[in-house]
Amino acid sequence: MKTLIKPLALAALLAAVGPTHAQTIIKIGYATSPTSHYGVGTTVFCDEMEKGTQGRYKCQQFPSSALGGEREQIEAVQLGTQDMVNTSTGPLGNFVPEVKIVDIPFLFRDYAHARKVMDGPIGQNLQKKMAAKGLINLAWTENGFRHMTNNIRPIVHASDAAGLKMRTMENKVHMEGYKTFGILPTPMAFPELFTALQQGTVDGQENPIPVILASKFSQVQKYLSLTGHVYSPAALIISPQVWNKLSPADQKAFSAAAKKGAAAQRKKVNDDEDTGIAQLEKEGMQVVRKVDGESFRKAVAPAYADFAREFGAENIAAIQAVK
Ligand code: EAX
């Protein structure tokens with residue numbers, strides 16, 4: 001009789017909790033804090049994705065580079081050892097060379113232009129190139145226009161940047177472009193950056209306002225110059241090993257959730273830009289608002305011949321022509 005009770009008790013318990021679906025955990029990583037633009041975009045994606053799949057899938061977030069630098073995380077997603085990453089395109093060109101075209105300095109006029117290009121046929125074509133390399137990009141999220149910070153001097157003209165040892169992303173287009181300003185580019189993974197700035201291993205770095213804010217660079221950087229020299233897209237990438245196991249309905253739910261996440265991330269970028277510069281001044285940074293942008297454009301112009309050879313002049317012109 002005793003042994004009979006146990007199965008009966010278990011059956012009663014299961015009846016009480018109701019039908020349970022097996023729930024799959026999706027591990028997703030990103031470089032900055034949970035309250036940053038990447039955190040906001042990822043959280044909206046996760047909430048919408050869990051709702052859209054009726055709880056069949058649920059995120060486990062790994063913020064603040066917990067799973068490593070962006071290059072490491074992109075590689076892990078490509079190998080299938082990590083499910084998803086919300087990453088800038090900085091290191092992405094090492095896996096999908098064609099994507100580096102969007103990292104050309106002064107290619108995009110403003111946010112409206114950049115978002116139109118990324119969400120339109122040109123961005124969709126780059127997503128196809130990514131898929132061919134085992135990186136399914138569900139949506140172009142956003143990192144933002146990049147600005148320069150350093151500890152040596154205020155940067156107003158391109159010539160002020162000459163001789164500065166600046167950390168760059170692991171991106172050859174950025175490095176070539178910044179060399180035309182006379183910068184000594186030092187490529188480095190993001191998780192090492194704060195310490196490198198603190199110890200003076202590099203004089204400065206360049207990043208969007210949301211990253212400078214979230215990473216508390218005001219604690220280790222004196223000068224901020226609103227150079228806006230590069231637009232930094234970001235991507236919400238899923239491993240084919242996860243994607244290919246999803247039902248068509250769940251793939252639709254993941255895609256719809258990614259678009260909502262991208263919209264939320266872009267809004268956070270704009271919000272951070274509206275309030276972040278005054279915040280950084282309050283935190284002690286000396287901000288150069290009026291940068292001589294023309295001097296930077298003139299300096300980088302000769303490099304466009306190389307970029308045209310690498311990406312095709314017609315492809316660069318097609319991006320510039322988007323209204
Ligand atoms: O994507 O490495 C960088 O400077 C990136 O902007 C940062 O990881 C956020």
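Predicted model: local features only at pLDDT ≥ 70, side-chain atom pairs only at ≥ 80, totals over all residues.
**Helix packing and a ligand site**

H4 and H5, the latter spanning residues 121-132, pack at an angle of about 50°, and their axes are 3 Å apart. On the H4 side the contact is made by Val117, Met118 and Asp119, and on the H5 side by Ile122, Gly123 and Gln124. Sorted by class, the residues of this contact are three nonpolar, two polar and one charged.

H4, which covers residues 111-119, also meets helix H10, residues 248-282. The axes of H4 and H10 come within 13 Å and cross at roughly 165°. An angle over 145 degrees counts as roughly antiparallel, and H4 and H10 are therefore described in that way. The crossing in which H4 passes H10 is right-handed. H4 contributes Tyr111, Arg115, Met118 and Asp119 to the contact, while H10 contributes Arg266, Val269, Asn270 and Glu273. Four of the residues in this contact are charged, three are nonpolar and one is polar.

Another pair of helices is H12, residues 303-311, and H13, residues 313-321. Their axes come within 6 Å and cross at roughly 105°. Since angles of 65 to 115 degrees count as roughly perpendicular, H12 and H13 are therefore roughly perpendicular to each other. From H12, the residues Tyr304, Phe307, Ala308 and Phe311 meet Ala313, Asn315, Ile316 and Gln320 from H13. This contact has six nonpolar and two polar residues, and no charged ones.

The model also holds a ligand. Around the ligand are Ala31, Tyr38, Glu70, Ser88 and Asn143, together with Arg146, Arg167, Met169, Phe190 and Asn207. For some of these residues a distance to the ligand can be given. Asn207 has a polar side-chain atom 2.7 Å from an oxygen atom of the ligand. For Asn143, a polar side-chain atom lies 2.9 Å from a ligand oxygen atom. In the case of Arg146, the distance from a polar side-chain atom to an oxygen atom of the ligand is 3.0 Å.

Technical notes: Residues numbered from 1 in each chain as written. Heavy atoms only, no water. Axes fitted to C-alpha atoms, helices over the stretch in contact; angles between N-to-C directions. Helix = DSSP H or I, 4+ residues; strand = E, 2+ residues; numbered from the N terminus. Parallel < 35°, antiparallel > 145°, perpendicular 65-115°, else oblique. Left-handed = near helix turned anticlockwise from the far one by under 90°. Contact = heavy atoms within 4.5 Å. Nonpolar A, V, L, I, M, F, W, Y, C, P; charged D, E, K, R; others polar. Near = heavy atom within 4 Å. Polar contact = N/O pair within 3.5 Å; in protein donor to acceptor, adjacent residues only side chain to side chain.
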